[in-house]
Amino acid sequence: MTEPLHTPLHALHVELGARMAPFAGYSMPIQYRSGIIREHTHTRTGAGLFDVSHMGQLRLAGAGAAAALETLTPADVVGLPDGRQRYALLTNDAGGVRDDFMVARLGEHLLVVVNAACKQDDVEHLYAHIGERCSIEVLDDRALLALQGPAAARVLARLAPETAALGFMQVARMSLAGSECVVSRSGYTGEDGFEISVPADRAESLARDLLGYDEVEPVGLGARDSLRLEAGLCLYGQDLDTSTTPVEAGLTWTVAKSRRAIGARAGGYPGAGVIDRELAAGAARRRVALLPRSRVPLRGGAALHGPDGAIAGQVTSGGFGPTLGAPVAMGYVETGLARAGTMLSAAVRGKTLPVEVAKLPVVPHGYVRGTTG
Amino acid sequence: MTELRYTDDHEWLRHEDDGTVTIGITEYAQEQLGDIVFVELPETGARVAEGDEACVIESVKSAADIRMPLSGEVVAVNEELADTPETVNADPLGAGWFIRIRPDAPYEPEALLDRTAYDELIGTL
């Protein structure tokens, strides 16, 4: 087994008392001294600083980059305005999801952020299919920090007042504490916040500056997972994979109108036929939020049973939601049982436990909508 | 009541004056598990066998089984943990105890780790 890679913040994590564990080939902080529940709650009430440098940052350049990327995703990339970011999916020929990613347009470039575990595959996929139509650069000399929570905007405005003008899913190049950064107002917690791409050799100093503010505490991947679970956001490899389609996952909004059957740039991406058929006819199963009605957390892989006792679906992610103060999960169920309020059951260690289907997300998002752009 | 003994599975055992044995998890174990959100214990009166995974601890991230260090009858369980599982994090060697067992065989502290041996074990992990 190869040694896990270190992010540019590794020494800082160790200094802060993080419990490090291998994740997608990197040694990552799972939690710091205060623990997952406090870190989670702090992100919902103050501001949490996350190291997400394990994620892949790519730059696509060239006049044909957006059109080229559209051959691999049902998103509207060609129509993405300068300074805006979108959540998008890489699909396969069966309409399944190869990865989910963020794409932003900054002037002549597209900036793409992909999952750590998919990074290598994605880069090969892009080179193989669109490598001749645009230049693809892996930005492995940059770290990625996320500052998330209701106090994030207040804190970041002290370093760069122009961050206050960014609306949700807007992105801009700016100088933060003397470093040239790309800042987007987005995240993976359901809270207002920012993701900051910073040169690797400036990452630790920026992180220390941010941690110097009273509102900011370091938060590990453990709380990142419980935050995104409450916020109803998918984790690739658990809630999304090559066997789930955007329609099943409730991510039809990632299939742009212009890319649908009668749109201006209809189809032309892997699995378009399957996805168009499902958009028209619906899918046989749907991703839903699940609220276990006992104190026992449900974990990914647990089978779900309908009122008649027959298998009705499966949990794909589950754990404890510190903001809810109760277990929370998500999974896929037959469309007929996907309505909020439907009572299902799950078998855990030989006991049958009640689970209620709920609307996603179970904790409301705190995003700040932009007034411009 | 005697001094605590330990297993290499990070449980502690205490031999009570009435011959029963109280079982819980160590400070090290609770710290490794992180925030505990649910503890599943056997029923009072149940029989457990050495090696049985008779208790389950759910932390925010994952579930862990607790293997029984000896065989016997469960004579008491810590009912408090149903509503306040976080007690295990706060006071693992005291109020966060799990179950009390009347062992089938005489209690043999020599077969278990003493504090020095246990500290050596976790020091090397």
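**Ground rules.** I am working with a predicted model, where local features need pLDDT of at least 70 and side-chain atom pairs count only at pLDDT 80 or more, while totals for chains, interfaces and linings use all residues. Residues are numbered from 1 along each chain as its sequence is written, and chains are lettered from A and ligands numbered from 1 in the order in which they are written.

**Chain A overall.** I put a box along the principal axes, and the C-alpha atoms of chain A fill roughly 60 × 50 × 50 Å. I find 8 helices and 19 strands in chain A; these are DSSP runs numbered from the N terminus, with helices being H or I of at least four residues and strands E of at least two. I note domain 1 at 57–138 and domain 2 at 284–362, with bounds from an automatic or database domain assignment. Their C-alpha centres lie 33 Å apart.

I count 50% of the 373 residues of chain A as buried. Here buried means 20 or more other C-beta atoms within 10 Å of a residue's own, exposed means 12 or fewer, and partly exposed is in between, with C-beta atoms placed from the backbone. Of the contacts between residues at least 6 apart in sequence, 68% join residues at least 24 apart; a contact needs C-beta atoms, placed from the backbone, within 7 Å.

**Helix H4 of chain A.** I looked at residues 119–130, where 12 residues reach 16 Å from first C-alpha to last, close to the expected 16 Å. That expectation is 1.5 Å times one less than the number of residues. The buried residues are A:Lys119, A:Asp122, A:Leu126 and A:Ile130. They cover an arc of only 65° around the axis, so they sit on the same side of H4(A); the arc uses directions from the helix axis to the C-beta atoms. On the other side, I see A:Glu124, A:Tyr127 and A:Ala128 exposed. The packing partners of the buried residues include helix H3 (65–69) and strand E5 (85–91) of chain A.

**A stop in chain B.** I found B:Ala82 in the loop between strand E8 (72–77) and helix H2 (87–90) of chain B. It counts as partly exposed because it has 13 C-beta neighbours inside 10 Å.

Note on methods. Two residues are in contact if their C-beta atoms, placed from the backbone, lie within 7 Å.
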